[in-house]
Amino acid sequence: MINLELPKKLKASANQAHQVASQIFRPISRKYDLAEHEYPVELDTMAAMIEGLADSGTQKIGGAAGGRNDETADLTANANGGNMSALLNSLETSWGDVGLMLTIPYQGLGNAAIAAVATDEQLSRFGKVWAAMAITEPSFGSDSAAVTTTAVLDGDEWVLNGEKIFVTAGERSTHIVVWASVDKSLGRAAIKSFVVPRDAPGLSVARLEHKLGIKASDTAVLLLQDCRIPADNILGSPEVNVEKGFAGVMQTFDNTRPLVAAMAVGVTRAALEELRTVLTEAGIEISYDTPAMNQSAAAAEFLRMEADYEAAYLLSLRAAWMADNKKPNSLEASMSKAKAGRTGTDVTLKAVELAGTIGYSQRTLLEKWARDSKILDIFEGTQQIQQLIVARRVLGKTSSELK
């Protein structure tokens with residue numbers, strides 16, 4: 001039976017992440033929202049601290065915190081391990097500032113991809129890198145199987161060619177996890193992920209995007225022009241298994257989608273807390289003993305949004321718990337991402353509305369959170385894609401049967 005209370009052994013780590021959010025992120029949140037593309041130098045100290053914790057064995061860094069459990073673990077016992085820890089840390093730091101959270105060195109979404117499918121030898125090599133993830137291309141939107149970037153084996157090197165867009169931390173990260181096809185004639189089964197060092201010959205940044213939100217995070221367009229990397233930088237097996245199809249690289253999303261859901265949950269909680277303060281100061285009482293229909297419209301709306309927040313939070317915990325306990329969680333990962341993403345945009349926009357002029361101004365961070373939350377309903381699979389995946393899993397349909 002799953003226990004959805006906060007795991008006691010992870011409370012210390014979550015509290016530490018909350019202190020980072022409160023003492024470091026919140027004070028500089030507006031500064032870097034107004035200074036897009038400027039690197040937050042305050043995070044350099046955090047990078048050294050995280051690396052020190054990893055070296056001491058106190059805490060794993062980045063995606064190495066998530067992914068697979070020890071194969072010798074007792075599979076009959078409930079486990080709250082790396083995925084749950086990564087989720088709680090993402091939630092707490094995003095409560096401070098989600099753009100800054102995405103800029104923490106060694107915490108890239110590519111790290112989770114490495115943790116999900118890398119071999120043990122690759123985990124030892126890439127355990128301390130800062131890895132971004134490059135999937136989307138100009139030729140497609142949410143269809144990850146439409147990758148046109150190619151990877152050709154030339155002796156003991158892979159040669160990659162293509163263009164990737166909307167790459168979070170694409171300029172600042174030390175490595176990029178790139179999705180590319182090793183044989184276009186074999187379709188989606190031939191799509192593999194490759195770890196490309198930031199200084200690899202043939203890899204360049206074409207431009208940085210100007211965005212609605214998460215402005216502290218750099219979002220890059222990357223060009224791969226005869227980009228060469230070592231042959232053993234392909235994640236997992238280089239063999240193309242047509243029967244297994246696209247499942248290998250898609251396993252990445254089972255780890256990263258709950259993390260993005262947690263980011264949305266963190267922003268949602270921040271907005272609810274700020275809105276409660278604004279409503280209380282305006283003399284509006286929120287009661288849990290009185291039916292919502294007998295309270296003011298603002299209080300009733302707050303109760304509705306708080307219920308949605310709790311649902312998103314619990315769904316996210318379940319998806320991470322299942323990953324830690326070696327249970328297939330593709331359905332639950334998409335459910336958590338869909339619910340949390342939709343709740344984040346709903347709650348932050350409604351908070352701006354209910355707070356009136358205070359919410360629309362820069363006197364609080366409410367309007368910033370409303371802008372930041374939108375991307376959390378888009379990247380790692382849009383709201384529509386998540387609903388499609390959920391429908392396929394529930395109805396037992398394949399991607400060709402239900403499009």
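A residue is called buried if its relative accessible area is under 20%. The model is predicted.

**Exercise 1.** Determine whether Tyr309 and Tyr313 are buried or exposed, and describe their pairing.

Solution. Tyr309 has a relative accessible area of 10%, so Tyr309 is buried. The value for Tyr313 is 16%, and Tyr313 therefore also counts as buried. Both residues belong to helix 8 (residues 297-324), where they are four residues apart, about one turn of the helix.

**Exercise 2.** Classify the pair formed by Trp179 and Phe253, and state which parts of the chain it ties together.

Solution. The count of aromatic pairs comes to three. In one of them, Trp179 and Phe253, the ring centres lie 5.5 Å apart and the planes stand at 55 degrees, so the pair is tilted. Because Trp179 is in strand 4 (residues 175-181) and Phe253 in helix 7 (residues 247-281), the pair ties together parts 74 residues apart in sequence. Trp179 and Phe253 are both buried.

**Exercise 3.** Characterise the packing of helix 1 against helix 3.

Solution. Helix 1 (residues 11-33) and helix 3 (residues 82-96) pack at about 25 degrees, their axes 7 Å apart. Helix 1 is therefore roughly parallel to helix 3. The crossing is right-handed. Among the contact residues are Phe25 and Arg26 of helix 1 and Leu88 and Glu92 of helix 3. The contact comprises six nonpolar, eight polar and two charged residues.

Definitions and conventions: Residues are numbered from 1 along each chain as its sequence is written. This is a predicted model: local features need pLDDT of at least 70, side-chain atom pairs count only at pLDDT 80 or more; totals for chains, interfaces and linings use all residues. Side-chain values use heavy atoms; hydrogens and water are left out. Axes are lines fitted to C-alpha atoms, for helices over the stretch in contact, and angles run from 0 to 180 degrees between N-to-C directions. Helices (H or I, at least four residues) and strands (E, at least two) are DSSP runs, numbered from the N terminus. Angles under 35 degrees count as roughly parallel, over 145 as roughly antiparallel, 65 to 115 as roughly perpendicular and the rest as oblique. A crossing is left-handed if the near helix is turned anticlockwise from the far one by less than a right angle, and right-handed if clockwise. Contact means heavy atoms within 4.5 Å. Ala, Val, Leu, Ile, Met, Phe, Trp, Tyr, Cys and Pro count as nonpolar, Asp, Glu, Lys and Arg as charged, and the others, Gly among them, as polar. Rings of Phe, Tyr and Trp (its six-membered ring) pair if their centres lie within 6.5 Å; planes under 30 degrees apart count as stacked, over 60 as edge-to-face and the rest as tilted. Buried means under 20% relative accessible area, exposed over 50%, partly exposed in between (1.4 Å probe, protein chains only).
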